[in-house]
Amino acid sequence: MNQWQNFTKGFIKDNPVFALFLGLCPTLAVTTSAYNGLGMGLATTFVLLMSNLVVAIIKNLIPGKVRIPTFIVVIASFVTIVDMVLEAFVPDLHAQLGIFIPLIVVNCLVLGRSEAFASKNNILSSVIDGLGMGLGFAFALTVLGAVREVLGGGTLTLIPEIAEFNIFKGDGMLVFILPPGAFLALGYLIMLADKLKKKMY
């Protein structure tokens with residue numbers, strides 16, 4: 001697999017949400033809007049990218065018996081940085097994401113890529129993998145958030161030019177803002193992603 005394929009696989013073929021079903025807890029919980037989804041996705045992308053980089057650098061220095069605890073410490077360090085930066089510079093988003101920022105530490109996507117890929121590959125491949133899978137995760141959360149926001153409230157606040165435009169001219173379908181709507185919207189998006197993947201691959 002070349003580096004370009006390694007980067008793009010996270011968007012459709014091996015998308016963490018639509019294909020691998022990883023990180024579904026924050027996916028379903030924070031995607032009440034595209035803005036929240038994008039924020040959570042980018043925070044996870046940073047942690048995934050940096051943890052893959054560090055794990056790829058120190059992999060030969062880590063004793064096998066403490067491999068997983070070491071990965072968790074590395075991940076937790078970058079999650080702490082993200083948490084503090086968001087609280088300082090984007091307090092509204094930090095408040096919206098809440099407990100799900102610290103929970104990035106135990107996100108199976110981040111730990112899984114560290115264990116399954118970064119610990120077995122070179123630095124460049126690990127960085128590309130982290131960036132590709134992270135952006136694929138951010139893409140999935142943003143799309144899901146946008147679908148839920150548009151159907152649930154009729155607006156799309158991520159785009160300022162149309163933030164105040166309401167496609168329903170009133171209340172939307174409230175169920176899509178509630179937890180059951182997250183499962184419903186995700187199910188349809190998984191179906192569409194699967195059909196697209198079959199056409200492309």
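Helices here are DSSP runs of H or I with at least four residues, numbered from the N terminus. On that basis, helix α4 gives the most to a nonpolar surface patch, contributing three residues. The model is predicted. By the distance rules applied, it holds five salt bridges and zero disulfides.

**Salt bridges around glutamate 115**

- Glutamate 115 pairs with arginine 67 in a salt bridge whose closest N and O atoms are 2.8 Å apart.
- Because glutamate 115 belongs to helix α6 (residues 108-116) and arginine 67 to helix α4 (residues 67-89), this pair ties together parts that are 48 residues apart in sequence.
- Both ends of the pair are partly exposed: glutamate 115 has a relative accessibility of 21%, and arginine 67 has one of 31%.
- Glutamate 115 also forms a salt bridge with lysine 120, where the closest N and O atoms are 3.9 Å apart.
- Lysine 120 is exposed, since its relative accessible area is 55% and the exposed class begins over 50%.

**Salt bridges around aspartate 129**

- Aspartate 129 and arginine 113 meet through their side chains in a salt bridge, at 2.7 Å from N to O.
- Aspartate 129 counts as buried, with 0% relative accessibility.
- Arginine 113 counts as buried too, at 15% relative accessibility.
- Through shared partners, salt bridges join Lys9, Arg113 and Asp129 into one network.
- As a general point, side chains of opposite charge can pair when their charged atoms come close.

**Cysteines**

- A disulfide would require two cysteine sulfur atoms within 2.5 Å.
- The closest cysteine sulfur to that of cysteine 25 belongs to cysteine 108 and is 9.6 Å away, so the separation is too far for a bond.
- Cysteine 108 is accordingly in no disulfide, its nearest cysteine sulfur being that of cysteine 25.
- Cysteine 25 counts as exposed, at 51% relative accessibility, whereas cysteine 108 counts as partly exposed, at 41%.

**Nonpolar surface patch**

- Phe46, Ile81, Val85 and Phe89 make up a nonpolar patch on the surface, and together they have about 390 Å² of accessible area.
- Isoleucine 81, one of the patch residues, is located in helix α4.
- The relative accessibility of isoleucine 81 is 39%, which places this residue in the partly exposed class.

**Helix α7 and its ends**

- Helix α7 comprises 31 residues and reaches 44 Å from its first C-alpha to its last.
- That span is close to the 45 Å expected at 1.5 Å a residue.
- At the start of α7, a side-chain oxygen of asparagine 122 comes to within 3.3 Å of the backbone nitrogen of leucine 124.
- Just after α7, glycine 154 adopts a positive phi of about 80 degrees.

**Threonine 44 in helix α3**

- Threonine 44 is placed in helix α3 (residues 34-58).
- With 0% relative accessibility, threonine 44 counts as buried.
- A polar atom of the threonine 44 side chain lies 2.9 Å from the backbone oxygen of methionine 40.

**Loop between α1 and α2**

- Phenylalanine 21 is found in the loop between α1 (3-8) and α2 (24-30).
- Although phenylalanine 21 is not a glycine, this residue has a positive phi of about 60 degrees.
- Phenylalanine 21 is partly exposed, with a relative accessible area of 44%.
- Glycine 10 is also placed in the loop between α1 and α2, and it counts as buried at 0% relative accessibility.
- Glycine 10 and leucine 20 are 10 residues apart in sequence, and their C-alpha atoms are 9.5 Å apart in space.

Note on methods:
Residues numbered from 1 in each chain as written. Predicted model: local features only at pLDDT ≥ 70, side-chain atom pairs only at ≥ 80, totals over all residues. Heavy atoms only, no water. Buried < 20%, exposed > 50% of the residue type's maximum accessible area, 1.4 Å probe, protein only. Salt bridge = Lys/Arg side-chain N within 4 Å of Asp/Glu carboxyl O. Helix = DSSP H or I, 4+ residues; strand = E, 2+ residues; numbered from the N terminus. Expected span 1.5 Å × (residues − 1). Polar contact = N/O pair within 3.5 Å; in protein donor to acceptor, adjacent residues only side chain to side chain. Patch = residues over 30% accessible without salt bridge, like charges linked within 9 Å, V, L, I, M, F, W, Y side chains within 5 Å. Areas by Shrake-Rupley, 256 points an atom, 1.4 Å probe, with all protein chains shown as cover.
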